[in-house]
Each structure stands twice: as structure tokens, then as C-alpha cells.
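Hi there,

Here is the structure I promised to pass along. Have a look at it first, and my notes follow just below.

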Amino acid sequence: MTERIDTVLRSGKAPNLHGLVVTRGGEIVLERYGAGVDHRLGDSLGHVAFDRDTLHDLRSVSKSVVALLYGIALDAGLVPGPEAGLMEQFPEYPDLVADPERAHLTIAHALTMTLGLDWNEDAPYTSPANSEIAMELAPDRYRYVLERPVVEKAGRRWLYCGGASALIGGIIARGTGRPLEEYAATALFGPLGIDRFEWSKGDDGLAMAAAGLRLRPIDLAAVGRLVLDGGRGIVPAAWIRELTRPRVKIAEGFSYGYQWYVNTAAPYWVGGIGNGGQRLTVVPDEELVVVMTAGEYDQEHVSAVAVHEAVLGG
């Protein structure tokens, strides 16, 4: 595997790879870092020479971490279960709570991105035409999501939706009585020995649950090992099984769980995927965890795909 990966890197097939960490059986078997232009969400960081200590945007891999936090809070009795009504978690919007078209929505619909609401993230993440960016520009992110027009009954179809993740982050913060980033620090990162992270915030001062987390690749690998090891008592093992169970089909052999992707075709893996080529891949049968960071924002993820295929023997 190491030879395949280094061949890809030498060949220039992964020109925008910033970081790569591979562990097997809990041991680091490969660690590589590059250099290139990087961004913190929309803000340019210029040319960066990456090393083990460099924080990197996870973009939408943040969603998968939020799902772990929800499971911890659920086990502690701080948040309602997935079957609970979604609208009742936001009683400050009585007009929306009273809307019969939204009454059937549950937290599970947010976890699986099957809300049935109008949402479009096809535009670049620098444009207000992108629903996630419009949410960040709105005076109230939760109302913005919850009042989107209903286009179909919830639960029928997966539609990528950062707004769903924002709602989950809000439910965690409300239930724990702490900002999302503070709860993450003590409930997940601290027990894993992760003492350096950033969570970018919107203009409203709230952590951007859908895309704002910044970690070192080596620390994201620790999160992956946690999942591989069944939660290690930090996240309940039953919740690890729940969030990595395929629940809604995206494409043939590819499904979505609770904010985690599930590749049911060989090789079986679960993981998170973020704009720019950010990847967290857990391959249980091989006791393998793969973390990639890259700079292909709003582009085809050429580098990530090339390395991913090399790691998995493609």
C-alpha cells in the first residue's frame, strides 16, 4: 500500500494533497504532508507548508463528528432520540411548529438528510445561491432551514443538506446547555487526547456544525479509530452501529447513515467526505483508517480520489 501511495504522489496524480494519515490496527503506517494554497472556509490562508501540527478545514467531515457528539449527548439523556419530533425542538417558531406540513418531521430525518425541504448546494460555496451559504447569511440559521418550502414527504429521498446538520448542532447545544465547540472539547476531543482544534463560527457567533471544524489530520485519524474500535466507551457502541448503518440509498452500493456515508460495495467502508477533498474513511475488515486533507475546494476531488483508490487497492 505504501508503495502504491508514494507512486501516486510522485506521479503528480495528487497535486493538491495537503495531508495523509493511514493507520492499521491502531498504529500509524503512513503519514505524508504537502504544500499549497489553502483556505479557512472562504478566507485565503495563502501558501501553506503542512506538517503534523497544521490544523486543516474538515468541511463536511464536520457533520460526521457532530453525529458522534449527538450520540454522546443522547446517551447522557441530554437530547431526545432520533424518533422525536423535529419542530418541537424549536418552539420559538410557533408558526412553523403549527404547520401541519412539517408536523411529521423527526430528528432522524435531519440525521439522514431526508427532510423533504427545498435545498440546493450545487452552487459554489462562495455564492449565496448555495443554500448553506444563504443559511449562514440569514439572520436566523434555524428558521432559515425550517421554513424552507416543503417539496416532498420526509424520509423518501436523500438530498444533501448542510442545514440538517446545523439543526442537529443546535439541538446538541440546547440540550447540553453549552456551545457546540465547548461540548465537543470535553465530551469527545478531551477523552481522545485532542487539545488543539478550531470551530469556525457564523456571524451569529454559533459554531458552523455543517462545515466549520478544523483538526490536525492525525487527530481526525484518532476519531476514525474511535469508530473502528466501537466507540471506546466515549461514544456508545450501540450508537456507532446506528450511525454507520445504511439507511437511505444515494447510489448503487452507496448509502447514508446518520451523517455518515456507507459504502456497501466492496470494499465496505464508512466515513465522512468534505468539499476540497477532505476524507475520513474507516475500513473495518482491514482495521484501516484513512484521513486525507486537500485543497480542491469547489473542484473535482482528483487528489483525494487518486489516493483513496491507491489505499484501498483500486
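Two strands count as paired if DSSP finds at least two bridges between them. By that rule, strand E1 (residues 17-24) pairs with E13 through seven bridges, and the two run antiparallel. Leu17 has Ala294 as its bridge partner in E13. Please keep in mind that this is a predicted model.

E13 has another antiparallel neighbour: five bridges join it to strand E12 (residues 278-283). Val283 stands opposite Leu288 there. E12 and E13 form a hairpin with four residues between them, and Glu287 in that turn has a positive phi of about 50°.

How buried is E13? Seven of its seven residues are buried, so the strand is largely enclosed by the rest of the structure. In a regular strand, side chains alternate between the two faces of the sheet. Here both faces are covered: Leu288, Val290, Met292 and Ala294 are buried on one side, and Val289, Val291 and Thr293 on the other.

A few backbone details may interest you too. Most residues other than glycine have a negative phi, and most peptide bonds are trans.

- Met113 has a positive phi near 55°. This residue is in the loop between helix H4 (107-111) and helix H5 (131-137), and counts as buried because its relative accessibility is 1%.
- Asp298 also has a positive phi, near 55°. Its loop runs between strand E13 (288-294) and helix H11 (302-311), and at 39% relative accessibility Asp298 is partly exposed.
- The peptide bond from Ala266 to Pro267 is cis, with omega near -5°. Pro267 is in the loop between strand E10 (261-263) and strand E11 (269-274).

Best wishes

How values were computed
Residues numbered from 1 in each chain as written. Predicted model: local features only at pLDDT ≥ 70, side-chain atom pairs only at ≥ 80, totals over all residues. Heavy atoms only, no water. Buried < 20%, exposed > 50% of the residue type's maximum accessible area, 1.4 Å probe, protein only.
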